[in-house]
Protein chains: 2
Amino acid sequence: MRIPAIAVATLLAATVAAASVALADEGMWTFDNFPSARVKQAYGFAPDQKWLDRVRKASVRLDVGCSGSVVSKDGLVMTNRHCVVDCESDLSSLGHDYVQDGFFATARKDEKICPGAGASILQSMTDVTQRVKRIAAGPARTAEIDAIETEACGEDRAKMCEVVNLYRGGQYQLYVYDRYDDVRIAFAPEVQSASFGGDPDNFNFPRYALDMALLRLYRDGKPAAFTDPLKLEASGSKQGDLVLVPSHPGSTERLLTNAQLEFQRDHFLPWRIEYLAQIRGAMLAESTKGEEEARQISEALENVENSLKVFKGQRGALVEPSFFAIKAGEEKKLRDALAMRTDLRGKYGDPFAEVAAVMMAQKRAYLPYQMLEVRYGAGSVLLNDARSLVRAASERNKPDGDRLPEFMNSRLDGQKGALLAEAPVHPVLEKLEIVFWLEKTREYLGADHPAVNALFGSRTSGEIATEIINSSQVGDLGFRKRMWDNPQQVAQSNDPALALVKKADDAARAARAKYETSVTRPLSIATEKVAGLRFDVLGKDIYPDANFTLRLSYGTVKGWTDPVHGDVKPFTYASGLWDRATGAFPFNLANRWVDAKSKIPAATEFNFVTTNDVVGGSSGSPALDREGRIIGLVFDGNIHSTGGAFGFDPALNRTVAVSSQMILEALRKIYSANALADELQK
Amino acid sequence: MRIPAIAVATLLAATVAAASVALADEGMWTFDNFPSARVKQAYGFAPDQKWLDRVRKASVRLDVGCSGSVVSKDGLVMTNRHCVVDCESDLSSLGHDYVQDGFFATARKDEKICPGAGASILQSMTDVTQRVKRIAAGPARTAEIDAIETEACGEDRAKMCEVVNLYRGGQYQLYVYDRYDDVRIAFAPEVQSASFGGDPDNFNFPRYALDMALLRLYRDGKPAAFTDPLKLEASGSKQGDLVLVPSHPGSTERLLTNAQLEFQRDHFLPWRIEYLAQIRGAMLAESTKGEEEARQISEALENVENSLKVFKGQRGALVEPSFFAIKAGEEKKLRDALAMRTDLRGKYGDPFAEVAAVMMAQKRAYLPYQMLEVRYGAGSVLLNDARSLVRAASERNKPDGDRLPEFMNSRLDGQKGALLAEAPVHPVLEKLEIVFWLEKTREYLGADHPAVNALFGSRTSGEIATEIINSSQVGDLGFRKRMWDNPQQVAQSNDPALALVKKADDAARAARAKYETSVTRPLSIATEKVAGLRFDVLGKDIYPDANFTLRLSYGTVKGWTDPVHGDVKPFTYASGLWDRATGAFPFNLANRWVDAKSKIPAATEFNFVTTNDVVGGSSGSPALDREGRIIGLVFDGNIHSTGGAFGFDPALNRTVAVSSQMILEALRKIYSANALADELQK
């Protein structure tokens with residue numbers, strides 16, 4: 001479960017749903033607007049300010065798109081193994097395949113820095129709505145937001161400031177984080193233990209995955225100090241008990257208008273699914289060529305398969321007439337209010353019609369924009385780095401205000417850092433991605449599109465990709481550095497990756513500009529009106545759509561009745577793993593587990609499900625009891641949770657977690673990691 | 001363009017559309033109900049009975065799922081190259097790759113028998129509706145239909161009799177065909193000439209494809225004799241002239257109710273697209289392993305890519321609100337009539353509600369039915385042959401009436417013939433298909449489905465497939481013959497393909513039985529009511545949905561205004577080919593064409609589009625002028641024609657044909673096939 005690469009969305013009609021489904025465990029609430037009264041009514045308890053402050057200061061946002069929690073005074077952070085796979089991959093070398101075999105630091109000195117990794121912990125939230133809204137949307141407002149951030153953080157590298165847009169322009173807040181740029185890996189089990197059941201079991205339940213990892217935050221070369229970390233509670237939980245999950249959910253789209261949902265349902269999601277299904281097939285087939293091919297592809301394949309399940313689930317939710325009827329009902333309340341009240345019409349006009357008109361434009365503009373700009377080169381590191389070099393060279397010649405935003409001075413360091421990081425290039429994967437991207441670009445834009453003609457010339461996609469793999473120097477850090485430092489050389493270079501970028505960069509920029517003027521900007525104006533209307537009609541007791549900022553959700557341990565599979569119990573136990581392990585991938589056990597049956601009590605809780613409302617990005621969050629003790633580690637949702645992007649179904653939507661019982665048993669008895677286990681419980 | 005593997009469908013509300021779009025060139029009309037008055041009004045000419053009879057007797061249905069026309073007194077038949085690829089593939093051997101290089105018989109003695117190919121020409125149509133409908137639907141009616149066919153054809157192998165269900169139970173006709181089981185290949189150009197532009201250009205226009213082939217029908221070892229064949233007319237055609245296309249369109253679904261269309265739009269088509277996109281990716285990647293891999297996979301890949309475009313186009317049409325609104329409008333007329341007239345309600349009840357209820361059942365039942373039964377083994381020849389052997393062994397033990405229909409005595413010869421034909425097994429493709437099928441079955445049915453557990457046991461899909469490829473004898477004709485002749489040995493055999501079939505055959509039969517009782521039968525009853533209601537409300541001046549029986553469509557040469565690409569002219573000319581040929585696959589020229597620019601006049605018509613209403617299965621049909629002369633050879637539709645499955649859009653839907661001018665120029669000047677060219681014009 002990861003943040004799907006989907007545009008961050010709008011608001012959520014929480015109160016609308018709450019009105020019809022009383023006390024549903026719905027919502028990803030900001031820490032300053034937690035519905036304590038509602039939770040207390042349902043569970044007889046609600047966290048107080050002290051509880052909230054303590055948990056907030058132990059809730060970690062990982063740059064990679066995950067959550068985590070501080071679990072020791074020495075900066076130990078618990079998250080999911082699938083959140084550290086980039087780190088494992090970057091650290092791997094011939095003879096050390098940490099992705100496959102796991103990572104085990106026997107002492108603190110063996111903990112290794114995850115290249116490029118970073119983490120943040122939210123320290124304060126300040127409303128800056130008035131200051132931001134004083135200035136009309138556009139470059140001037142962007143500059144004002146930059147100013148707010150700079151005033152608060154300055155050059156302090158131990159802090160990070162972000163003006164956060166909540167409720168899609170309904171509210172702006174300044175979020176100030178403690179920032180950690182030295183994140184080290186301490187423990188991660190083998191992929192086969194963390195992802196037991198592989199893609200077939202992903203998003204499914206019953207489940208037997210030890211999807212955990214331990215990182216450590218460092219400050220000035222030493223473990224960062226925390227006074228009040230969270231602690232594991234291994235006595236188990238029981239159905240009906242309140243469970244609280246602080247996390248950083250990545251993106252929800254619960255407040256899209258019906259026209260936007262229809263675009264998602266009929267165009268965007270089907271397109272993404274077809275795109276991903278094809279590359280999935282290619283990756284699976286490529287992986288059969290040999291072990292090295294499989295190794296190079298495995299991480300990308302895992303991401304593709306994960307995204308594919310998410311998008312299929314989202315589409316599946318949107319074609320359910322009952323689901324769409326709820327969304328339509330929510331919109332109707334707002335439309336009715338608009339129809340009845342002249343003040344609202346005067347204030348907002350008909351924002352729904354505005355959005356619908358933008359959707360017509362989006363239908364025409366999204367494919368060139370996606371293929372030439374957003375998904376440039378698909379997953380090819382070489383092509384993406386080449387594009388950064390080509391664009392940096394021309395953008396840096398321009399006045400700051402005329403540049404593409406990502407090349408403005410305030411962001412140039414970030415660009416440079418990303419480009420000049422030592423990242424492994426997997427030639428097998430690179431070739432597959434480049435060929436795929438070229439072929440799909442031709443397919444979606446047509447063989448007669450000028451950009452397609454420019455890209456292909458008189459060569460096949462295979463020839464183009466092969467030349468890049470064989471001859472481009474973009475994979476060489478020294479070359480990238482030289483090009484960055486000498487932008488004029490970029491224009492002269494005939495490096496094949498740079499050359500390919502230059503052939504269609506004007507077309508890509510044009511597609512982006514067209515999308516921004518015909519979709520992004522008018523949509524932003526129209527949806528801000530919808531958001532205003534919503535506040536006016538429904539009040540402010542609602543939660544904003546997820547946008548990878550800190551939230552708190554509440555719920556309880558509870559199974560569900562599946563439309564296909566019937567009653568699903570909320571817990572799995574260690575004994576079940578041995579029953580499910582057929583020995584054949586992906587139902588085979590890692591070596592350490594093969595003979596471990598006698599070591600782990602059969603009744604040890606393994607995984608469990610709760611009614612908490614989370615989505616991708618919440619991976620790695622702790623599941624807390626009312627005392628704030630960690631009873632589990634969130635790592636997935638059930639298959640119905642994929643529809644959670646658009647709405648929460650309390651009957652079906654479930655969060656999946658690793659039980660603290662199994663975490664501690666495994667650390668001590670399978671991995672002999674007693675020091676870490678002690679640190680977790682200390 | 002081929003028959004998509006989609007269930008044959010229902011009726012068509014031709015008059016409904018015709019009422020709103022006056023004189024649209026719509027409809028695939030039976031030869032006994034051609035709308036002569038309407039055509040005469042639009043074009044000042046309509047074919048008389050003599051015209052119709054002559055053309056019917058020169059219109060060929062090819063078993064492979066294509067159409068063709070008799071073009072000489074010696075039984076020469078013109079069709080598409082893509083309709084003879086099975087033949088080319090079956091005839092190929094080491095050193096002779098006819099698929100790649102084409103097939104050229106320099107004399108009649110060099111024409112080769114296409115293994116297993118057959119052709120039929122419709123001789124008579126007799127209404128047998130009363131006799132069929134006298135008996136209630138069920139086994140007794142099936143027996144009556146068998147009796148009608150046997151009475152008419154007996155054991156005469158030169159004839160074929162079929163009781164054809166038109167208007168979904170609205171009408172039954174006995175179709176008697178002349179039958180040809182000796183079909184030989186005379187001419188087919190290289191794949192690169194026939195499919196210039198490959199998948200990117202498939203269903204697109206402008207186009208430069210010489211997608212033609214010549215077969216010859218033989219009777220008693222000699223060329224079959226025809227007194228009045230069709231002739232090629234090479235003087236060209238012009239916009240506005242009437243074009244008539246006799247063909248065998250495979251399947252349309254224009255009369256589905258809205259509930260059925262929604263199932264197609266929201267469930268079936270998205271599922272098929274995702275399935276095909278993944279296997280497409282796998283095939284493309286597998287093809288990069290080497291030339292031999294590419295050769296084994298090419299034909300299957302072409303089929304997958306073709307189907308994928310069709311299904312994507314169909315889905316695209318159904319999500320167009322304007323398109324769906326027309327379908328909804330058609331249904332509303334019938335619903336309104338039902339609401340107003342008690343006699344209709346008494347006769348039919350509410351058949352729309354009945355259909356909608358079946359769709360709910362279909363949603364639950366279709367995936368197990370598809371994966372375990374319809375698409376058993378995906379494209380694996382070994383697994384499909386193994387299933388035939390396993391089932392034949394048990395079915396032949398039963399009384400005729402208790403068997404699965406395909407194993408009843410009347411069809412047993414056909415089963416045996418198909419099973420004991422010498423068909424090539426491509427191990428690379430086989431392995432890919434088996435792995436894909438196993439993985440997707442687990443994905444769609446779930447890892448805990450009993451059939452999935454039985455199939456996988458403690459092995460991976462790769463291990464299962466490898467064992468079958470390495471050890472199964474099912475690919476050996478002698479083994480298949482022995483198993484067919486000794487059914488008791490099938491049960492004892494531990495051949496790995498037979499063994500895999502046996503593991504889940506009970507589950508497959510159960511899925512099929514459930515689908516038949518919960519979907520097929522109740523749907524047939526309900527849609528027959530819809531058909532009756534339609535006749536009662538709209539009269540009989542309508543055409544039935546396509547079902548691979550002979551039809552005649554009318555139209556004219558005409559470009560269109562594309563929503564994305566603007567005005568598209570109706571003709572391409574030889575000169576355009578040289579402009580489009582970049583040299584890189586799929587825009588490279590076959591060797592014979594590289595230096596041919598000077599030989600073919602630049603202004604030679606190459607391909608053209610018409611407004612005729614055709615779909616997959618019409619491939620290979622002649623495009624005729626009012627004199628019945630062949631001006632072109634239908635081989636494709638434009639991209640908008642894919643929506644033609646559900647309705648005809650006169651503004652956008654176009655048929656694509658090879659001009660007779662280019663056919664004759666190419667035969668004489670590129671291929672030096674003067675004898676054949678003479679025969680075509682004699």
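## Briefing: a two-chain predicted model

In chain A, the domain assignment gives domain 1 as 14–118 + 181–254 + 545–681 and domain 2 as 377–524. Keep in mind that this is a predicted model. The C-alpha centres of those two domains of chain A sit 36 Å apart.

**Nonpolar cores**

- The largest nonpolar core has 142 residues, and the members touching the most others are Ala282(A), Ala386(A), Ala497(A), Ala282(B), Ala386(B) and Ala497(B).
- There's also a second, separate core of 106 residues, with Ala213(B), Leu215(B), Leu244(B) and Leu664(B) among them.
- Take Ala282(B): setting aside neighbours within four places in sequence, its contacts are Gly281(A), Ala282(A), Leu284(A) and Ala285(A) in chain A, plus Leu432(B) and Phe436(B) in chain B.

**Helices α15 and α22 of chain A**

- Helix α15 (residues 381–395) and helix α22 (residues 496–538) of chain A have axes that come within 9 Å and cross at roughly 65 degrees.
- The crossing of α15(A) with α22(A) is right-handed.
- From α15(A), the residues involved are Leu382(A), Leu383(A), Ala386(A), Arg387(A), Leu389(A) and Val390(A); they meet Ala497(A), Leu498(A), Leu500(A), Val501(A), Lys502(A) and Asp505(A) of α22(A).
- That contact is made up of 9 nonpolar residues, no polar ones and 3 charged ones.

**Where chain B meets chain A**

- Each side is listed here: 30 residues from chain B and 30 residues from chain A take part in the contact.
- On the chain B side, the elements giving two or more residues are α9 (198–201), α10 (258–287) and α17 (427–445).
- Helix α10(B) supplies the largest share of that side, 13 residues.
- Sorted by class, the chain B side has 14 nonpolar, 6 polar and 10 charged residues.

**Two residues to look at**

- Met283(B) is part of helix α10 of chain B. It counts as buried because it has 29 C-beta neighbours inside 10 Å, and the cut-off for buried is 20 or more.
- Not counting residues up to four places away in sequence, Met283(B) touches Ile297(B), Ala300(B), Leu301(B), Val304(B) and Leu432(B).
- Pro223(B) is 60 residues from Met283(B) in sequence, and their C-alpha atoms are 40 Å apart in space.
- Gly118(A) sits in the loop between β5 (112–113) and β6 (119–127) of chain A. With 16 other C-beta atoms within 10 Å, Gly118(A) comes out as partly exposed.
- Gly118(A) and Asp182(A) are 64 residues apart in sequence, yet their C-alpha atoms are 6.6 Å apart.
- Leaving out neighbours within four places in sequence, Gly118(A) contacts Asp63(A), Tyr180(A), Asp181(A) and Val183(A).

- Most residues other than glycine have a negative phi, and most peptide bonds are trans.
- Phe585(A) and Pro586(A) are joined by a cis peptide bond, with omega about 0 degrees. Pro586(A) lies in the loop between α23 (574–580) and α24 (591–594) of chain A.
- In chain B, a cis peptide bond links Phe205(B) to Pro206(B), with omega about 10 degrees. Pro206(B) is in the loop between α9 and β10 (213–219) of chain B.
- Phe203(A) isn't a glycine, but its phi is positive at about 70 degrees. Phe203(A) is in the loop between α9 (198–201) and β10 (213–219) of chain A, and counts as buried with 21 C-beta neighbours inside 10 Å.
- Asp220(A), also not a glycine, has a positive phi near 55 degrees. Asp220(A) is found in the loop between β10 and β11 (222–223) of chain A, and counts as exposed with 7 C-beta neighbours inside 10 Å.

Key
Residues numbered from 1 in each chain as written. Chains lettered and ligands numbered in written order. Predicted model: local features only at pLDDT ≥ 70, side-chain atom pairs only at ≥ 80, totals over all residues. Core = buried A, V, L, I, M, F, W, Y, C linked by C-beta atoms within 7 Å. Buried ≥ 20, exposed ≤ 12 C-beta atoms within 10 Å, placed from the backbone. Contact = placed C-beta atoms within 7 Å. Axes fitted to C-alpha atoms, helices over the stretch in contact; angles between N-to-C directions. Helix = DSSP H or I, 4+ residues; strand = E, 2+ residues; numbered from the N terminus. Left-handed = near helix turned anticlockwise from the far one by under 90°. Nonpolar A, V, L, I, M, F, W, Y, C, P; charged D, E, K, R; others polar. Domains from an automatic or database assignment.
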